[in-house]
Amino acid sequence: MIFVTGGAGFIGANFILDWLAGSDEPVLNIDRLTYAGNLENLASVERDPRYRFEKLDVCERDAVLALMRELRPRALIHFAAESHVDRSILGPGEFVRTNVDGTFSLLEAARAYWSGLEGAERQAFRFLHVSTDEVYGSLEPDEPGFSETTPYRPNSPYSASKAASDHLVRAWHHTYGLPTLTTNCSNNYGPCQFPEKLIPLIIANALAGRPLPIYGDGLNVRDWLYVGDHCAAIRRVLEAGRPGEVYNVGGNNEMPNIEVVRTVCRLLDTMRPDPAGPRERLIGYVADRPGHDRRYAIDARKIAGELGWRPAETFETGIGKTVRWYLDHQDWVARVQSGAYREWIARNYEAR
Ligand code: NAD
Ligand code: TDX
């Protein structure tokens with residue numbers, strides 16, 4: 001069995017669905033169900049005997065440890081986090097609590113559990129920490145992409161809290177020998193992403209005829225990776241990554257935000273034409289994000305060379321699938337935006 005934290009969120013849910021599609025090994029999903037946790041993402045596996053859900057905060061160390069001792073997982077994959085940079089600027093406290101204290105609690109639970117293991121079970125155990133390229137700060141236009149040895153220079157409360165969690169994971173390996181793995185990944189996009197992040201927000205607004213807000217001059221650059229490719233990278237690192245190591249994961253798809261938004265508009269115009277005219281008319285420049293990092297890019301040679309992982313999707317194929325998914329799941333977006341997904345959770349889960 002494996003444990004996944006934050007499995008009701010965007011990447012965690014995609015990871016669980018992909019995992020159960022390709023393996024018989026059961027999964028326990030530990031998630032507190034914040035605003036970003038949506039069990040509807042996992043409705044297709046809800047009754048699968050290989051899947052189990054525990055509504056639990058990652059800060060609840062004793063409860064997590066009790067579950068570990070009961071179910072004896074061979075790995076814990078830690079996705080749970082507060083993940084949105086704009087929210088971290090408005091309210092950093094929850095980011096420190098979940099991302100720093102939460103990771104500390106999980107490391108302590110895992111250390112206590114792992115210390116009690118013996119032989120092959122102890123050898124096999126892994127704590128895989130899912131992190132971000134934002135810990136490395138911002139690149140100048142001509143600088144090479146972030147590698148695993150790039151110094152940490154986090155600039156937002158979100159990235160600082162993730163950087164702190166990465167350091168805790170490193171220390172727990174170095175000091176206590178806990179078999180940890182860390183992945184630092186670039187911007188993900190794909191099905192089930194909460195429509196506060198750039199790509200799903202733009203798709204939702206464009207379909208509703210609402211303005212498409214571009215922060216600053218729209219020339220900030222991100223490296224976009226399809227979520228399924230990120231999930232494949234995590235599975236590969238779990239199976240073959242060396243304990244204590246860090247692996248950077250990226251899509252080799254650097255693009256200025258304005259180009260991403262124009263691409264989405266053009267795709268929507270082709271797939272679902274708007275009688276009022278091309279969606280680019282909705283683009284509007286708004287005040288910049290404070291401390292907005294200019295450019296992220298990943299040098300993914302280590303994971304490619306050591307573990308043979310490469311993205312399967314190009315931006316063109318990935319964004320096509322993504323726009324299609326949102327067109328086909330406008331009811332999902334509507335329930336998220338209205339808050340109705342929480343009623344769904346109450347009806348289908350909490351009522352039982
Ligand atoms: P998300 O915000 O969509 O989901 C986060 C999940 O964690 C939610 O289900 C939420 O309910 C849960 N959660 C939050 N606080 C919790 C707590 N205290 N206890 C238990 N569960 C809690 O996030 P995401 O975009 O899926 O990101 C997942 C992970 O991947 C994060 O660690 C993030 O830093 C990292 N990451 C994300 C991206 C990206 O582009 N989205 C890129 C690189 C790395
Ligand atoms: O309305 C918007 N307008 C806009 O111009 C939003 C929401 C964003 N932006 C810009 C800001 C960024 O330059 O688009 C870019 C992408 O923004 P987000 O989707 O908020 O992502 P980002 O801040 O880059 O962080 C994401 O990638 C790394 C995730 O939210 C993190 O969890 C992950 O670690």
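Modeller: Happy to. A word on terms before the helices: axes here are lines fitted to C-alpha atoms, for helices over the stretch in contact, and angles run from 0 to 180 degrees between N-to-C directions. Please keep in mind that this is a predicted model.

With that in hand, let us look at H7, residues 198–208, and H9, residues 257–271. Their axes come within 10 Å and cross at roughly 40°. Angles under 35 degrees count as roughly parallel, and those from 65 to 115 as roughly perpendicular; H7 and H9 are therefore oblique to each other. As for the hand, H7 passes H9 in a right-handed crossing. On the H7 side, the contact is made by Leu 198, Ile 199, Ile 202, Ile 203, Ala 206 and Leu 207, and H9 meets them with Asn 257, Val 260, Val 261, Val 264 and Leu 268. Sorted by class, that gives 10 nonpolar residues, 1 polar residue and no charged ones.

Between strand S7 (187–189) and H7 lies Gly 190, which counts as buried because its relative accessibility is 1%. Leaving aside residues up to four places away in sequence, Gly 190 touches Phe 10, Tyr 226, Val 227, Thr 322 and Tyr 326. Asn 253 is 63 residues away from Gly 190 along the chain, and the C-alpha atoms of the two are separated by 14 Å.

H2 contributes Arg 61, Val 64, Leu 65, Met 68 and Arg 69 to the contact, while the residues from H4 include Phe 104, Leu 106, Glu 108 and Tyr 113. Here the classes come to 9 nonpolar, 1 polar and 3 charged residues.

Stepping back to the whole chain, you will find 13 helices and 12 strands. Of the 352 residues, 54% are buried. Among contacts between residues at least 6 apart in sequence, 82% join residues at least 24 apart. The C-alpha atoms fill a box of roughly 65 × 50 × 35 Å along the principal axes. A compact globule of 352 residues would have a radius of gyration near 20 Å, and the chain agrees with that, at 20 Å.

Key:
Residues are numbered from 1 along each chain as its sequence is written. Chains are lettered from A and ligands numbered from 1 in the order in which they are written. This is a predicted model: local features need pLDDT of at least 70, side-chain atom pairs count only at pLDDT 80 or more; totals for chains, interfaces and linings use all residues. Side-chain values use heavy atoms; hydrogens and water are left out. Helices (H or I, at least four residues) and strands (E, at least two) are DSSP runs, numbered from the N terminus. Angles under 35 degrees count as roughly parallel, over 145 as roughly antiparallel, 65 to 115 as roughly perpendicular and the rest as oblique. A crossing is left-handed if the near helix is turned anticlockwise from the far one by less than a right angle, and right-handed if clockwise. Contact means heavy atoms within 4.5 Å. Ala, Val, Leu, Ile, Met, Phe, Trp, Tyr, Cys and Pro count as nonpolar, Asp, Glu, Lys and Arg as charged, and the others, Gly among them, as polar. The radius of gyration is taken over C-alpha atoms; the globule rule is 2.2 Å times the number of residues to the power 0.38. Buried means under 20% relative accessible area, exposed over 50%, partly exposed in between (1.4 Å probe, protein chains only).
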